[in-house]
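Visitor: Please put the model on screen. I have some questions about what it shows.

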Amino acid sequence: MKILIISFLIASVGFCTPKCDESNLIDAYAFPENMEELIPYENQDKFTLIHNSGTEIPFEVFRNSTIETGGCDHCCDYYTYENEELFVISDYPFYDIQFNINAGEEGIFNYGISIGREYFSLEENMQMSDSVKINDQYFHEVFKLKSNSYSEEYEREVDSLYFNYSTGILKIIQQNGDTYEIH
Amino acid sequence: MKFIKLFLFASFLLLISCNGAIVYEEIDLQAETEAWIVQEESYRSFQMTDENGIKNSWNLTEEDNYYSESGSAFLLIPTRKTMREMYYQKFRNTILGDFSINADAGFSDVNPWVSFNMPDLSFEFDAVTHKPNRLYLSPNNGKSFSWSEYEDVELPLEFQVVTNFEVNGKTYQEEVAIFELTDQIGILEPKSVVKFAFSKDVGLIFIELKSGLKYFRI
């Protein structure tokens with residue numbers, strides 16, 4: 001009986017111990033070549049949104065480009081993927097705005113924008129408006145995004161985001177009807 | 001003689017270790033203290049506007065009315081158990097941060113107290129005398145400042161409870177707690193709260209940030 005228990009313990013330790021002598025990079029996901037055309041801001045770019053009351057809110061963008069590592073918990077194989085984070089900061093109290101873009105398999109990438117607790121994701125083949133007039137300016141190929149977030153814990157605050165790849169954030173519509181438009 | 005002393009001591013330990021020797025105490029929130037917790041349904045979600053007309057929402061995310069147990073002991077043997085009532089509410093604001101209020105029934109020899117937690121600050125006052133008990137400032141820059149009634153440091157704030165308080169054209173009849181940092185100690189950030197007013201009637205009614213931006217209850 002003792003031998004059985006000891007054997008079981010040794011076997012358990014053996015199973016739990018990782019056996020990787022070396023890690024293997026199995027894939028490296030990169031952004032498509034035209035990715036820069038889809039990211040509307042350079043590092044330290046500035047822009048202004050105007051609230052419907054007339055208040056101007058200035059923003060500054062900070063970009064962080066990294067290569068991240070992924071893989072499963074007990075695997076020796078791993079992959080890398082290109083990652084872009086954009087932090088949109090204002091001295092005026094406003095929602096935290098952040099872009100998260102990361103490369104995936106076969107040139108596919110995930111593109112999401114969070115505003116406060118709301119998350120807006122850009123999907124491939126998403127419908128866009130050819131031309132939209134915002135604050136007396138015309139913008140082309142505009143995505144009219146609805147929040148993907150859902151929670152019973154809180155009421156939605158940000159309802160919609162108008163966005164295009166060339167200018168970036170064009171308009172934010174709050175649930176209470178307030179709007180912020182590009183200057 | 002030594003044996004008698006030992007016997008008496010053992011008897012004493014035996015006596016106080018019996019349940020009958022433990023003093024049980026339950027301290028409920030006084031109505032005056034509990035009144036700082038606004039319990040109306042309409043208060044669970046409210047809006048404020050800044051002086052430029054930009055609105056933001058506060059939503060009740062946590063609420064708890066419970067008894068907290070504490071006790072004292074002699075030679076590791078419990079001699080007193082105190083259950084004191086507390087009432088806690090937490091509100092979330094996606095732009096300004098969280099706000100919470102806690103009313104505590106206190107102890108038999110310590111007055112009940114109320115504490116406010118605002119973005120970058122935590123403040124507690126005596127619910128009977130309305131004197132400040134504690135202040136803690138912790139802006140998001142790694143710096144901090146603490147003050148308590150037991151420390152020999154000048155209190156960098158003014159605090160008062162008034163009635164008939166008027167702000168932004170509205171008058172609040174019930175008691176209003178007004179907190180204002182007089183010396184900002186040079187550690188706060190532009191978005192840190194430096195002044196606020198809280199009404200027993202409707203709760204949070206006014207906030208001022210270090211940048212000077214003011215928010216009013218709608």
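Visitor: How many salt bridges are counted between chain B and chain A?

Guide: This is a predicted model, where local features need pLDDT of at least 70, side-chain atom pairs count only at pLDDT 80 or more, and totals for chains, interfaces and linings use all residues. Residues are numbered from 1 along each chain as its sequence is written, chains are lettered from A and ligands numbered from 1 in the order written, and side-chain values use heavy atoms, without hydrogens and water. A salt bridge requires a side-chain nitrogen of Lys or Arg within 4 Å of a carboxyl oxygen of Asp or Glu. A:D178 pairs with B:K55 in this way, with the closest N and O atoms 3.2 Å apart; the count between the two chains is one.

Visitor: What area is buried between chain B and chain A?

Guide: Buried area is the accessible area (1.4 Å probe) that two parts lose on being put together, summed over both. Carbon and sulfur atoms give 50% of the area here. In chain B, the residues losing the most are B:I54, B:T94 and B:I95, together 38% of what that side buries. The area between the chains is about 1500 Å².
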